[in-house]
Amino acid sequence: MGLEERAAAPLRTESFRASRPQVVGPEVPEKPFPIHLSGAVQRGFGRGGKDLGCPTANLPDESILPMSSVTESGVYYGYAQVSREKDGKTILSEEEGQVLPMVMSLGWNPFYKNERMTAEIHILHDFKSDFYGHEMRAIVLGYIRPELDYTSREGLIDDIETDKRVAINSLARAAYEEYQSDPFFDSSSNHPRL
């Protein structure tokens, strides 16, 4: 499915949440993973942090093509890193510039009736300030669940919190932890300095 195509999202039910595993994916990432994404963080709809308590970093549309061309819409996990520098000045702390676990929603967010596909990454860290315009790199390592529709904001928030736990648990395996030191995150590579 590409950026223009949209399938109807199934409605989330209580039985779905009750039956969710706490670890997903094989012991070693399998094709099409890992998927490498990068781009400048752009402003989104502003509802992740305000409405859902889950601030997200949005990648430009062209940054998500490597992923949207080989995967379905849904929730994914992996690692991300935000550049500490912006406009030649160090803005983020050393801690905030580390490679950190993340969850990512790839899709149309049917609860909000989005008209275009987006990639929204939630880095599992409490940043002291926003980082719009900073370069971000992400390695997507696995799939958590399909994109769903919700009858309430609370149901969506419950699933987001479960997604975070599943991501942490799924990344706590040796073959996944190795990606925290992947050369893609190396600040001496040909990417902007992180």
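Is aspartate 87 buried or exposed? Aspartate 87 has a relative accessibility of 71%, and because the cut-off for exposed is over 50%, it counts as exposed. Keep in mind that this is a predicted model. Aspartate 87 sits in the loop between strand E4 (85-86) and strand E5 (89-90). Its backbone is worth a look too: phi is near 55°, a positive value in a residue that isn't glycine.

Now to the loop between helix H1 (14-18) and E1, where you'll find proline 32. Proline 34 lies in the loop between H1 and E1 as well.

Both prolines come with cis peptide bonds. The one from lysine 31 to proline 32 has omega near 10°. The one that joins phenylalanine 33 and proline 34 has omega of about 0°. Phenylalanine 33 turns up again among the rings: ring pairs link Phe33, Tyr76 and Tyr143 into a cluster.

## The cores

The largest nonpolar core holds 26 residues, and the members that touch the most others are Met104, Ile121, Ile123, Met136 and Val140. Two or more residues come from each of strand E1 (35-40), strand E3 (74-82), strand E6 (100-107), E7 and strand E8 (135-146). The top contributor is E6, with four residues. There's also a second, separate core of 16 residues, with Tyr77, Tyr79, Val99 and Ile144 among them.

What does methionine 136 touch, once neighbours within four places in sequence are set aside? Its contacts are Leu37, Ser38, Gly39, Val41, Ala57, Leu59, Ala80, Gln81, Val82, Ile121 and Ile123. Two of those names, Ile121 and Ile123, are also in the list of residues that touch the most other core members.

## Rings and a charge

How many aromatic pairs does the structure hold? There are five. In one of them, tyrosine 77 and tyrosine 176, the ring centres are 5.9 Å apart and the planes meet at 40°, so the pair is tilted. This pair bridges distant parts of the chain: tyrosine 77 is in strand E3 and tyrosine 176 is in helix H5 (residues 174-177), 99 residues apart. Tyrosine 77 counts as buried, at 0% relative accessibility. Tyrosine 176 is likewise buried, at 0%.

Phenylalanine 127 and phenylalanine 131 form a tilted pair too, with ring centres 4.7 Å apart and planes at 55°. Both phenylalanine 127 and phenylalanine 131 are buried.

## Leucine 148 in its loop

Where is leucine 148 placed? Look in the loop between E8 and helix H4 (153-171). Although it's in a loop, leucine 148 counts as buried, because its relative accessibility of 7% falls under 20%. Valine 75 is 73 residues away from leucine 148 in sequence, but their C-alpha atoms are 9.5 Å apart in space.

Methods: Residues are numbered from 1 along each chain as its sequence is written. This is a predicted model: local features need pLDDT of at least 70, side-chain atom pairs count only at pLDDT 80 or more; totals for chains, interfaces and linings use all residues. Side-chain values use heavy atoms; hydrogens and water are left out. A nonpolar core is a set of buried Ala, Val, Leu, Ile, Met, Phe, Trp, Tyr and Cys residues joined through side-chain atoms within 4.5 Å. Buried means under 20% relative accessible area, exposed over 50%, partly exposed in between (1.4 Å probe, protein chains only). Contact means heavy atoms within 4.5 Å. Rings of Phe, Tyr and Trp (its six-membered ring) pair if their centres lie within 6.5 Å; planes under 30 degrees apart count as stacked, over 60 as edge-to-face and the rest as tilted.
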